[in-house]
Amino acid sequence: MPHVTIGIPCYNAEKFLAQSIASVINQTYQDWELIIVDDGSTDQSMSIARSFNDVRIRIISDGTNRGISYRLNQIIQEAKGEFFCRMDADDIMFPERIKIQWEYFQGNPEINVIGSFAVVIDDDNKILGIRKTSLPNDINECFKAVPFIHPTVMGQTSWFKNFGYTNDLKGVEDADLWIRSFNHSKFSIIEEPLLFYRDPPQLKIKTYRFRIGQYIRLIQRNKPQLKCPKFTSNKFIIVSIAKLYTYSILKFLKLESFVMKRRNIRLSTNEISKYNSILLHK
């Protein structure tokens, strides 16, 4: 039985999937299984996945589109490993990622889920900066900012099976998971990047508008957990709508790069060179 199950939900990822799978195979820690679950891809993603001849890789494909939450829950139920490791089909692991996270759990068995920082790349593998995150001090802060960069997380498989993902909150399924579990869990963050996270610097207003709508649903569903739920939930909703209008104006004025650059921390020339070296030898 593998110690770690790595799960990749996949939908039309033919451009990046081979890089993602290769970065798993090249891990310094090798006691893993990789479950790739297709979500009704119409491109060559599954042909690419099947081209890797490794008995540790399992591919599940039923030809239907069910959404990421459904597929993540499916992977978790199929997982044989004690720990479940998230990854997206367009991201790339650092070679030491699984080893570092696995060893962290060995020294901190009370922790349920850990995440890490990430180096952000665009569709051409150009390094855009580093993205950091921090844990909230209370449940209200959990509503304001997502504590984890989702594809960096690893956690106890039993914990993921217990809480699971909510199927009807696509786009904010991770935020919902952390909020529902916050008062019953122990989280931690490794303060170094362990993943190349693909996030091109284009502001997609249609996608952002959809996620704001989902975020409002998330708030309304979980607001009993808030301190002063009526006042605080209304505040979060108003701020979210204000952000949407602000981003829409910036997009219209072709100033969206101002917003996107603020999401990542700039790296020095030496740091970019270091991370490029890791990326080229993924």
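A search of the whole structure finds 12 salt bridges, a salt bridge being a side-chain nitrogen of Lys or Arg within 4 Å of a carboxyl oxygen of Asp or Glu. The structure is a predicted model, in which local features need pLDDT of at least 70 and side-chain atom pairs count only at pLDDT 80 or more, while totals for chains, interfaces and linings use all residues. Residues are numbered from 1 along each chain as its sequence is written, and side-chain values use heavy atoms, with hydrogens and water left out.

**First stop: salt bridges**

Select Asp39 and Arg71, whose closest N and O atoms are 2.8 Å apart in a salt bridge. Asp39 lies in the loop between strand 2 (32-38) and helix 2 (45-50) and Arg71 in helix 3, so the pair ties together parts that are 32 residues apart in sequence. Helices (H or I, at least four residues) and strands (E, at least two) are DSSP runs, numbered from the N terminus. Asp39 is buried, at 7% relative accessible area; buried means under 20%, exposed over 50% and partly exposed in between, with a 1.4 Å probe and protein chains only. Arg71 also counts as buried, at 1% relative accessibility.

Next, select Arg56 and Asp54, which form a salt bridge with closest N and O atoms 2.8 Å apart. Arg56 is partly exposed, with a relative accessible area of 22%, whereas Asp54 counts as buried at 16%.

Then select Asp88 and Arg86, a salt bridge with closest N and O atoms 3.0 Å apart. Asp88 is buried, with a relative accessible area of 17%, and Arg86 is buried, with 1%. To see a network, select Glu33, Arg58 and Glu78, which are joined by salt bridges that share partners. Side chains of opposite charge can pair when their charged atoms come close.

**Second stop: Gln74 in helix 3**

Select Gln74 in helix 3 (residues 68-78). Gln74 counts as buried, at 18% relative accessibility. Beyond its neighbours within four places in sequence, Gln74 is in contact with Val37 and Ile60, contact meaning heavy atoms within 4.5 Å.

**Third stop: nonpolar cores**

A nonpolar core is a set of buried Ala, Val, Leu, Ile, Met, Phe, Trp, Tyr and Cys residues joined through side-chain atoms within 4.5 Å. Select Val113, Phe143, Trp159, Phe160, Trp178 and Leu218, which touch the most other members of the largest core, a set of 41 residues. Helix 8 gives the largest share of this core, 7 residues. Centre the view on Trp178: leaving aside neighbours within four places in sequence, its contacts include Val113, Cys142, Phe148, Trp159 and Phe187. Another core, of 34 residues, lies apart from the largest one and has Ile6, Ile114, Val120 and Ile190 among its members.

**Last stop: helices 8 and 9**

Select helix 8 (residues 205-222) and helix 9 (residues 229-252), which pack at an angle of about 180 degrees with axes 10 Å apart. Axes are lines fitted to C-alpha atoms, for helices over the stretch in contact, and angles run from 0 to 180 degrees between N-to-C directions. The two helices are therefore roughly antiparallel, a term for angles over 145 degrees. Among the residues making the contact are Tyr208, Ile212 and Ile216 of helix 8 and Phe236, Ile237 and Leu244 of helix 9. The residues of this contact divide into 11 nonpolar, 4 polar and 3 charged.

Finish at Ile205 in helix 8, which is buried, with a relative accessible area of 12%. Not counting residues up to four places away in sequence, Ile205 touches Tyr247, Ser248 and Lys251. The C-alpha atoms of Ile205 and Lys251 are separated by 7.7 Å, although the two are 46 residues apart along the chain.

Conventions
Parallel < 35°, antiparallel > 145°, perpendicular 65-115°, else oblique. Nonpolar A, V, L, I, M, F, W, Y, C, P; charged D, E, K, R; others polar.
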